[in-house]
Amino acid sequence: MKVISLLKNLIKMFFALLFVFIISHSKSTNAIDLQMNKIDENIVEELRLTVPSEYKEIWLKSEEEVWEPWLAKQDGFLGRQIFYNHEVGEALVLVKWKNRNLWKNISEEEVNRMQKLYEAT
């Protein structure tokens, strides 16, 4: 009886140690190990904007007339998608860039200039 109990405990301990060994030696990928926003890979800029539903059409027209032509001229711009949630009056704009460097090479002054032009329309 004691021998069987001892064997069961030894087997449990063996499998517990085996489990710890497998976990500690596995090649799992942790979020910390991932390189985010690699310089040479496509990147998506995510913009969330509050746009009340009564202004949605005006907002879309301004986006089309101001931001779309400007973005099309930017080096590295690959396209964008616009989504709208009527329930909460929120727009989601996803802008795809060839890589992070090309996106970040656009000066803040240039973006601010376009924002002022956009707000004036």
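Modeller: Let us begin with a charge over a ring: the term applies if NZ of Lys or CZ of Arg is within 6 Å of the ring centre and within 35 degrees of the ring normal. Here K104 lies over the face of W103, at 4.1 Å from the ring centre. Please note that this is a predicted model, in which local features need pLDDT of at least 70 and side-chain atom pairs count only at pLDDT 80 or more, while totals for chains, interfaces and linings use all residues. Residues are numbered from 1 along each chain as its sequence is written, and side-chain values use heavy atoms, with hydrogens and water left out.

Biologist: How many helices and strands does the protein have?

Modeller: Helices (H or I, at least four residues) and strands (E, at least two) are DSSP runs, numbered from the N terminus. The protein has four helices and three strands, and their order along the sequence is α-β-α-β-β-α-α.

Biologist: How does one describe two packed helices?

Modeller: The description consists of the angle between their axes and the distance between the axes. Axes are lines fitted to C-alpha atoms, for helices over the stretch in contact, and angles run from 0 to 180 degrees between N-to-C directions. In this model, helix 2 (residues 56-72) and helix 4 (residues 108-120) have axes that come within 10 Å and cross at roughly 150°. A crossing is left-handed if the near helix is turned anticlockwise from the far one by less than a right angle, and right-handed if clockwise; helix 2 passes helix 4 in a right-handed crossing.

Biologist: Which residues of helix 2 and helix 4 meet?

Modeller: Contact means heavy atoms within 4.5 Å. From helix 2, W59, S62, E63, V66, W67 and W70 meet E110, V111, M114, Q115, L117 and Y118 of helix 4. The residues of this contact between helix 2 and helix 4 divide into eight nonpolar, two polar and two charged. In that count, Ala, Val, Leu, Ile, Met, Phe, Trp, Tyr, Cys and Pro are nonpolar, Asp, Glu, Lys and Arg are charged, and the others, Gly among them, are polar.

Biologist: How many aromatic pairs are found in the whole structure?

Modeller: Rings of Phe, Tyr and Trp (its six-membered ring) pair if their centres lie within 6.5 Å; planes under 30 degrees apart count as stacked, over 60 as edge-to-face and the rest as tilted. A search of the whole structure finds three such pairs. One of them joins W67 and W70, edge-to-face, at 5.4 Å centre to centre with 75° between the planes. W67 and W70 are separated by about one helical turn, because they are three residues apart in helix 2. Ring pairs also link W67, W70 and Y118 into a cluster.

Biologist: Are W67 and W70 buried or exposed?

Modeller: Buried means under 20% relative accessible area, exposed over 50%, and partly exposed in between (1.4 Å probe, protein chains only). W67 is buried at 12%, and W70 is buried at 10%. Another edge-to-face pair is formed by F77 and W97, with 5.7 Å centre to centre and 70° between the planes. This pair links distant parts of the chain, 20 residues apart: F77 is in strand 2 (residues 77-85) and W97 in strand 3 (residues 90-97). F77 is buried at 16%, and W97 is buried at 1%. Of the 121 residues of the protein, 23% count as buried.

Biologist: Where is E87 found, and which residues can illustrate the other classes of accessibility?

Modeller: E87 is in the loop between strand 2 and strand 3, and with a relative accessible area of 77% E87 is exposed. N105, in the loop between helix 3 (100-104) and helix 4, is exposed at 59%. N101 has its place in helix 3 and is partly exposed, at 38%.
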